[in-house]
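Student: I have not looked at this structure before. Could we go through it step by step?

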Amino acid sequence: MKNRFGIKPNVLVVMCVVIGLFFCLGVSSLAFQKEKKPPMTTHASGTFDVKVTPQGADEKDAVVPRFALDKQFHGDLSGTSKGVMLAMSSAVSGSAGYVAMEQVTGTLNGQSGTFALQHTGTMTRGAPQLSVTVVPDSGTGELAGLSGKMDIKITDGKHFYEFDYALAPAP
């Protein structure tokens with residue numbers, strides 16, 4: 001016996017079971033596409049000089065102090081950055097927090113362009129915790145598609161960076 005579409009009932013049942021299995025197993029057309037490998041991570045390191053300038057000196061009662069950042073990078077990342085930082089300390093010695101955004105312009109292991117970094121840092125009674133991440137899709141020029149994380153260390157007053165990054169094809 002056939003239905004109005006000319007399909008035998010047992011064939012229709014098999015088709016429904018197969019389609020149901022695909023949906024139950026989460027199989028979609030994406031599963032049949034060639035699997036994309038994540039871009040290889042590359043490492044960059046070096047030093048940087050930073051000038052931190054208090055902003056809003058007229059605002060003596062500012063709740064959150066604001067600072068301008070002006071950096072010069074040396075090493076695998078060669079260039080400059082400009083940014084803004086908000087920072088607060090507490091009544092407990094060694095406890096503070098900051099957030100910052102900066103725009104970097106330069107050359108990273110021979111590839112030039114710009115990208116943005118987002119900082120979030122806290123210090124709890126002298127124990128630091130820091131996250132510096134490339135803002136997604138902020139890369140331009142040869143740095144389009146850049147992603148990564150930067151680690152910053154300060155030793156004897158000198159600033160060092162370690163930058164693990166990847167360059168994916170721009171969307």
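**Barrel, core and one serine**

Student: Is S81 buried or exposed?
Tutor: This is a predicted model. S81 is found in strand 3, residues 77-89. Buried means under 20% relative accessible area. S81 has 1% relative accessibility, so it counts as buried.

Student: With which side chain does the side chain of S81 make a polar contact?
Tutor: Not counting residues up to four places away in sequence, S81 touches L69, D70, K71, F73, E102, Q103 and V104. From this group, the polar contact of the S81 side chain, at 2.5 Å, is with the side chain of E102.

Student: In what order do the strands of the closed barrel run?
Tutor: The barrel has eight strands, and their pairing is antiparallel. Neighbouring strands of this sheet are turned by 25° against each other on average, direction ignored. The order is 1-2-3-4-5-6-7-8.

Student: Which residue in strand 8 is the bridge partner of I154?
Tutor: Strand 7 and strand 8 pair in the antiparallel sense over 10 bridges. For I154, the bridge partner in strand 8 is H159.

Student: Which residues touch the most other members of the largest nonpolar core?
Tutor: Strands that each supply at least two residues of this core include strand 1 (42-55), strand 4 (96-108) and strand 5 (111-124). Leaving aside neighbours within four places in sequence, F115 has contacts that include L77, V134, L146 and F163. Of the 17 residues in the core, those touching the most other members are L77, L108, F115, M150 and F163.

Technical notes. Residues numbered from 1 in each chain as written. Predicted model: local features only at pLDDT ≥ 70, side-chain atom pairs only at ≥ 80, totals over all residues. Heavy atoms only, no water. Core = buried A, V, L, I, M, F, W, Y, C linked by side-chain atoms within 4.5 Å. Buried < 20%, exposed > 50% of the residue type's maximum accessible area, 1.4 Å probe, protein only. Helix = DSSP H or I, 4+ residues; strand = E, 2+ residues; numbered from the N terminus. Contact = heavy atoms within 4.5 Å. Polar contact = N/O pair within 3.5 Å; in protein donor to acceptor, adjacent residues only side chain to side chain. Pairing = 2+ DSSP bridges. Axes fitted to C-alpha atoms, helices over the stretch in contact; angles between N-to-C directions.
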